[in-house]
Every structure is written in C-alpha cells, then in structure tokens.
Amino acid sequence: MNQPNTSTLPPRHGVALVVSGPSGAGKSTICRQVLADRPNMRFSVSCTTRAPRAGETDGLDYHFLTRTEFESKIAAGEFLEHAEVHGNFYGTLRAAVEPHLRLGGDVLLDIDVQGARQVRLNSTASGIGAQYAFVFLAPPSLAELERRLRGRQTDAEEVILRRLAAARREIAAWHEYDYLVINDEIPRAVAELTAVLDARRCAVAAWIGDPLAPQE
Ligand code: ADP
Ligand code: 5GP
C-alpha cells in the first residue's frame, strides 16, 4: 500500500499527553514503550533538583540542576509549570513542549498532579486546552504500588515511605483527569495510552483551518 505523502496533508497541532500517577505506578516504564512505538513523539525532559538515580542520564531522563540554577529558571519564566514534589523541585521547560507542538509534533509529559493542574489552567486560559490530554496512570492497588517501589531498588527506605504516604493523596486526584489507565499488565497499559494519543490526533480541534476545504 502506498504511504500518504504527509507534506500534502493540511497542518494540525501536535498533541501533548500529560501523564501523572503516584511514584512507582509505572509511568517511566509505560511512557518509554509508548515513545518507542511512536518515534515522532518527543519526551519533555524535565528539570529537577533531586539527585540522579543509578542508570539515569543528565539531559535524557532529567536536567539535574542545583536549587540556585532551578530558581534562576523560575525567575526567567522558562517553566510551563513547576512544583515541589517529595521535597525536591521539578519543572517543565516551555522550550521542551511549545515549539514542538506548534510544528505539529506530539509531546509526552510525565508530571505530578500539581503540575498537571497548572498546565490545564494555563492551556485553557490561553485557548489551547484542546491540544492537551490528561491521563492518570494508576497502580492496580496500593499493595502492588509498594511492591513496585521496593522492587525498583532505587530509593532509600525513608524515600519509599514518603512516596507511599503521598500516593493516597495523589490517587484521590484521578477524577480531575480526562482518562484513567490502570497499569496492571504493561502491554495493555501501553496500548491504552497509545489509543488515547491516536484518538486525540484525530480530534477535530487538532486541525488548523479547514482541512476539507476545496483546494485551488
Ligand atoms: P514511576 O515512573 O511511575 O515511578 P516506574 O516506571 O519506575 O514507575 O515503575 C516502578 C517499578 O514497577 C519498576 O521496577 C517497573 O519495572 C515496575 N513495573 C512497572 N509497570 C509494571 C507492571 N505493570 N507490572 C509489574 N511491574 C511493573
Ligand atoms: P521521580 O523522582 O520518581 O522521577 O518523580 C517524582 C514525581 O515528580 C513524579 O510524580 C513525576 O511525575 C513528577 N515530575 C517529574 N517531572 C516533573 C515536572 O517537570 N513537573 C512536575 N510538576 N512534576 C514532575
């Protein structure tokens, strides 16, 4: 079958998939696979003041900053949103999201519920709310969440306890989201998140102008 010549297709906005969920729910695992399936989708690399975990790479997983560096980016207005999560600062760079969306590319954001609230408010206020889809990724149970946090073997006991305490509060925010994906089986959660992306790419609001207007 011939591939469509995308250069002749009318323009549309990209889709920003905002994924939140408690630490250990599987956001990194699921997002990594969705990104592997959708090479045109870009991961929004966040800034953080937390220390890198074993296996994390600066500039790929996060931009690891000092508190002073983070504060100067706040002052310069570089963040789309930022929040304090589990005692560290995290923020999404405007430059990681907005230029790509404008060019029709899709972007994946892994951010906490406070950050998602800011993005929802700001995008709605500036009339671009339709470009954002908010997905809550939940574990099948709190007991399984604890198993996953411990099984990951990346955090000290005190950090695990802090993250578990925050999980109940975060899970209570699920109803603020447009979609709920329960990460019981990895392939099913990946398929559901990809389905949300594909549906939003077809949303009428994603098209710029009138894509069906007769061509001259
Ligand atoms: P998050 O990014 O939400 O903090 P991770 O992606 O790091 O979570 O996942 C936490 C741990 O749980 C990891 O060790 C990961 O391999 C594991 N995990 C993720 N999804 C599943 C799943 N569906 N079933 C079992 N283990 C999972
Ligand atoms: P972790 O330290 O486990 O990588 O992430 C801890 C929490 O911070 C997760 O809930 C994750 O979604 C959130 N997070 C990661 N990047 C950002 C960001 O840029 N902004 C906000 N608000 N939260 C973030």
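A nitrogen atom of ligand 2 lies 2.7 Å from an N or O atom in the side chain of aspartate 112, a polar contact being a pair of N or O atoms within 3.5 Å, where within protein one must be able to donate a hydrogen and the other to accept it, and residues adjacent in sequence count only if both atoms are side-chain atoms. Taken alone, ligand 2 exposes 510 Å², of which the protein buries 96%, with accessible areas taken from the Shrake-Rupley method with a 1.4 Å probe and, for residues, only the protein chains shown counting as cover.

This is a predicted model, in which local features need pLDDT of at least 70 and side-chain atom pairs count only at pLDDT 80 or more, while totals for chains, interfaces and linings use all residues. Residues are numbered from 1 along each chain as its sequence is written, chains are lettered from A and ligands numbered from 1 in the order in which they are written, and side-chain values use heavy atoms, with hydrogens and water left out.

**Surroundings of ligand 2**

- A polar side-chain atom of tyrosine 62 is 2.5 Å from an oxygen atom of ligand 2, and a polar side-chain atom of glutamate 81 is 2.7 Å from a nitrogen atom of ligand 2.

**Surroundings of ligand 1**

- A polar side-chain atom of arginine 152 lies 2.8 Å from an oxygen atom of ligand 1, whereas a nitrogen atom of ligand 1 is 3.2 Å from an N or O atom in the side chain of arginine 148.
- A polar backbone atom of aspartate 184 is 3.0 Å from a nitrogen atom of ligand 1; taken alone, ligand 1 exposes 570 Å², and the protein buries 76% of that.
- Of the 13 residues around ligand 1, Gly24, Lys27, Ser28, Thr29 and Arg152 come nearest.
- The shell around ligand 1 comprises three nonpolar, six polar and four charged residues.

Methods: A residue is near a molecule or strand if one of its heavy atoms lies within 4 Å of it. Ala, Val, Leu, Ile, Met, Phe, Trp, Tyr, Cys and Pro count as nonpolar, Asp, Glu, Lys and Arg as charged, and the others, Gly among them, as polar.
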